[in-house]
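Keep the structure open while reading.

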Amino acid sequence: MTKNEKATIFRAEQSPLKVTLLVFSGASIMCVACAVDPLRAANRIAGETLFDFKLVSVTGEAPVTTCGLPVAVSGRFDATEPTDVLVVVAGFGTQNYATSALLAGLRRAARAARACGGVEAGTWLVARAGLLEGRSATTHWEDMEDFSSAFPGVDVRPDRYIIDGRVFTTGGASPTLDLMLHLIRTRLGMAVALDVASAFIYDQARVATDAQPLVSLGRLDGYDPRLAQAIRLMEAHVDQPLTIEAIAKRAGVTARTLESIFRKSIGETPGAYYLRLRLGAARRLVVDTRVAMADIAGRTGFSSAAAFSRAFSRAFGEAPVRLRRG
């Protein structure tokens, strides 16, 4: 059991669990699928409805995911309707949905439910409703710093998913699948959980407390641990970049060997990859936040806003200020 999990919904039970998934436009279709499809698969494998789930939206209309696909819902979110579990699934634009009425509805539904939680940016709405105060939580790694600043009363961690008492949070699609497999395993047993994972040909090689990677390496870890270690060092030092020589030394190779590894595996030098990694992080901050350009420069390891703007313009063809305006 994870931190403060106690005996909430994560325990051996055969009685059906009623799950309400509140989905917002701007959510990732991957997050929606990873939240709901393992429950469907568990029902099929068990041969009975042990997860009685339904999808709803604030308006009752189909929310549109980031890829443009709408999600069919059964109706409007009703905070007075009984449910065992409330799952808030959201992505871009959560600030547009955080009305006083919605937050009051979330609080009311959460008080009556056995558990509630946020998937990816759904964590923001759960936090704005006051449901994470004094608890541990996680969100997508892109939002971690801003989330920590916005909610100082929350113990924000980079874990894949966190269960703290009656409240759970996940960092994204894959961690949500991990969480749902954990729910299935604790309620229905390992055999059912393995059958569900096998249905998706999913190899759960991580645990809840593993940190979310800035760069998802997939199976690269198994092919060249030195490359994986170097990339992990780079992503851990975006704000204060290490020299390539320092990275090579920590990876146990020479700088020349590290360059050879990068050219063979990725097709570019370690320095070029590191700069692209930092600029990618900067571009996300430019496009998705209102953080000042000077602060973005500092967060991504540039000595000044001017140096950042020049590097950004070379990489993306326009200055960061112009991209944000556009």
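Is W124 buried or exposed? W124 is buried, because its relative accessibility is 11% and the cut-off for buried is under 20%. The model is predicted. It holds two cavities of 30 Å³ or more and nine aromatic pairs.

**Aromatic pairs**
- The rings of W124 and F147 are edge-to-face, because their planes stand at 90°, with centres 5.1 Å apart.
- F147 counts as buried at 0% relative accessibility.
- F10 and F168 also make an edge-to-face pair, with ring centres 6.5 Å apart and planes at 85°.
- F10 lies in the segment before β1, and F168 in strand β8 (residues 167-170), 158 residues apart.
- F10 is buried at 4% relative accessible area, and F168 is buried at 3%.

**Cavities**
- The largest cavity has a volume of about 70 Å³.
- Its lining includes K54, R76, D78 and E81, and divides into four nonpolar, two polar and four charged residues.
- The second largest cavity has a volume of about 50 Å³.
- F10 and F168 are among its lining residues, which divide into ten nonpolar, no polar and no charged.
- Helix α5 (173-188) is one of the elements giving two or more residues to this lining; α5 gives the most, with three.

**Cluster and charges**
- F302, F308, F312 and F316 form one aromatic cluster.
- The charged end of R278 sits over the F302 ring, 4.4 Å from its centre.
- The charged end of R283 sits over the F316 ring, 5.5 Å from its centre.

Definitions and conventions:
Residues numbered from 1 in each chain as written. Predicted model: local features only at pLDDT ≥ 70, side-chain atom pairs only at ≥ 80, totals over all residues. Heavy atoms only, no water. 1 Å grid on protein atoms, 1.4 Å probe; cavity = no way out; pocket = protein on both sides within 12 Å on 5 of 7 lines; lining within 4 Å. Points joined across faces, edges and corners; volume = space filled by probe spheres on them. Nonpolar A, V, L, I, M, F, W, Y, C, P; charged D, E, K, R; others polar. Helix = DSSP H or I, 4+ residues; strand = E, 2+ residues; numbered from the N terminus. Phe/Tyr/Trp six-rings, centres within 6.5 Å; stacked < 30°, edge-to-face > 60°. Buried < 20%, exposed > 50% of the residue type's maximum accessible area, 1.4 Å probe, protein only. Lys NZ or Arg CZ within 6 Å of the ring centre and 35° of its normal.
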